[in-house]
Amino acid sequence: MELSSLTIRNFRNLASVDVAIPSTGVVVIGDNGQGKTNLLEAIYYLVLFRSLRGAKDRELVRFGDAGFFVAGEATPRVTAGYEIHHRHKKVTVDGTEVKKLSSAVGVVVAVALSPADRALVEGGPSGRRRYLDVLLSLSDPHYLAALAELRAAMKQRNAALKRGNVPEAQAFDRPVAAAAATVAKTRHRWALEWLHRYGELCTSLGESSEPGMTYSSRHWTPDGGADLVAENLKLRIERDLRRGTTTVGPHRDDLLLTLGERETRRFGSAGQQRTAAIALRLLEASALSLSHDTAPIALFDDVFAELDEDRQERLLLMIKESLPGQAIITAPRDAEVPRVLFERPRWRMTGGKIEQ
Ligand code: ATP
Ligand code: MG
């Protein structure tokens, strides 16, 4: 997967960018606060049509402007525009506006690595669920559909709970349970399928304890399936009614990461958590390469800073394997970028402008 050119208008501090991107990628050097992360966020917007950093669309619009526009020339060309006033988002693929955003998700595939990824390991379960949701939505259209069904059924059940109408809420137990079971089953299978690779990546990155990764669900088991979720919904109806929301389902689950059987989130050192986060991103790259039959575009946001030379070298080897395609690499200084990655053209970013 490659982007041959990029057009950006009024996206954060990037007023106007028109660049051709070499097929190997580029190294982008710039001081703090100049727009390097914004550039990667703009590119990643073409993957999910949402902010990489979880920001709202209107926050992405350059201060004082009415909307933003991003276009990338891949095969095919993908564009995304957003207008604050009408809260209107328009996405086109190959010149045609898509009716459903979901049909354009994953046309461009990229994987972004940044030091902020440590939150993925260190933070609460919601970040890890989002990781699974993004990855599985990009690689499995059935998953995206199940997720949408779950959200729709859950929304109606919650609305009935808020009105205090139990029979109406319980009328949605079956649809919620069915979609919930599909979501949980897909996540569970994915964790099983990629456990070995996760371990390999952690070990190759320098981790010496035995890494583990399992999907942990409170209300679902592979044997129990949708029936078990339905049973749990029924059991917890009083609590749900009190809280006015559904407390049973995969929105309570977690992807459990361990080292030597201890939770990395609670017991891992800062370095171990960073290693686990990098492993998750490289895992994402491997999984997407397999589902899309092409290497995702690599977006490296200041990834090599703070790593000692040994870890840098190990990471470079893993990148060569998992993300061999086009790479866009940012750093505040040349010295923060390993020398082997400099076999690419260099851009300088100042105040949202690119100098080639
Ligand atoms: P660092 O090296 O510190 O990570 P960076 O080059 O990655 O820096 P960015 O995060 O890309 O910096 O850009 C930050 C700049 O973008 C800040 O100066 C911020 O004020 C500006 N910015 C953020 N959102 C907007 C927006 N909606 N409109 C205009 N400018 C914005
Ligand atoms: Mg940055």
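Author: Start with L259, which stands opposite R262 in β11. Keep in mind that this is a predicted model. Now widen the view. The sheet is open and has three strands, in the order β9-β10-β11, with antiparallel pairing. Strands of a sheet pair through backbone hydrogen bonds, either parallel or antiparallel. At the edges stand β9 (211-216) and β11 (262-263). Each has a single partner strand, so one side of each has no neighbour in the sheet.

Next, the helices on this sheet. Helix α4 (residues 125-139) packs on the sheet and touches β9 and β10. The direction of α4 makes about 105° with that of β10. Helix α7 lies across β9 and β10 too. Its direction is at about 170° to β9.

Two packed helices are described by the angle between their axes and the distance between the axes. For α7 (residues 173-204) and α12 (residues 309-322), the axes come within 9 Å and cross at roughly 145°. From α7, the contact takes R197, L201, T203 and S204. From α12, it takes R314, M318, E321 and S322. By type, the residues of this contact are two nonpolar, three polar and three charged.

Now the six-stranded sheet. This sheet is open, with antiparallel pairing, and its order is β2-β1-β4-β5-β6-β7. Its edge strands are β2 (14-20) and β7, each pairing on one side only. Look at β5 (residues 77-83) and β6 (residues 88-93): six bridges pair them in the antiparallel sense. A80 stands opposite V91 in β6. Y82 has K89 of β6 as its bridge partner. Four residues lie between these strands in the hairpin, where R87 takes a positive phi near 45°.

One step on, β6 pairs with β7 (residues 96-97) over two bridges, again antiparallel. T92 has E97 of β7 as its bridge partner. This hairpin has two residues between its strands. D94 sits in the turn, with a positive phi of about 60°.

A helix covers this sheet. Helix α1 lies across β1 (5-11), β2, β4 (67-73), β5 and β6. It runs at about 110° to β1.

Helix α1 (residues 36-48) gives the largest share of the shell around ligand 1, three residues. In total, 15 residues surround ligand 1, the closest being G33, K36, T37, N38 and V61. The shell is made up of two nonpolar, seven polar and six charged residues.

An oxygen atom of ligand 1 lies 2.9 Å from a side-chain N or O atom of N32. An oxygen atom of the ligand is 3.2 Å from a polar backbone atom of Q34. A nitrogen atom of ligand 1 is 2.9 Å from a polar backbone atom of V61. As for cover, ligand 1 taken alone exposes 660 Å², and the protein buries 72% of that.

Methods:
Residues numbered from 1 in each chain as written. Chains lettered and ligands numbered in written order. Predicted model: local features only at pLDDT ≥ 70, side-chain atom pairs only at ≥ 80, totals over all residues. Heavy atoms only, no water. Near = heavy atom within 4 Å. Polar contact = N/O pair within 3.5 Å; in protein donor to acceptor, adjacent residues only side chain to side chain. Areas by Shrake-Rupley, 256 points an atom, 1.4 Å probe, with all protein chains shown as cover. Nonpolar A, V, L, I, M, F, W, Y, C, P; charged D, E, K, R; others polar. Axes fitted to C-alpha atoms, helices over the stretch in contact; angles between N-to-C directions. Contact = heavy atoms within 4.5 Å. Pairing = 2+ DSSP bridges.
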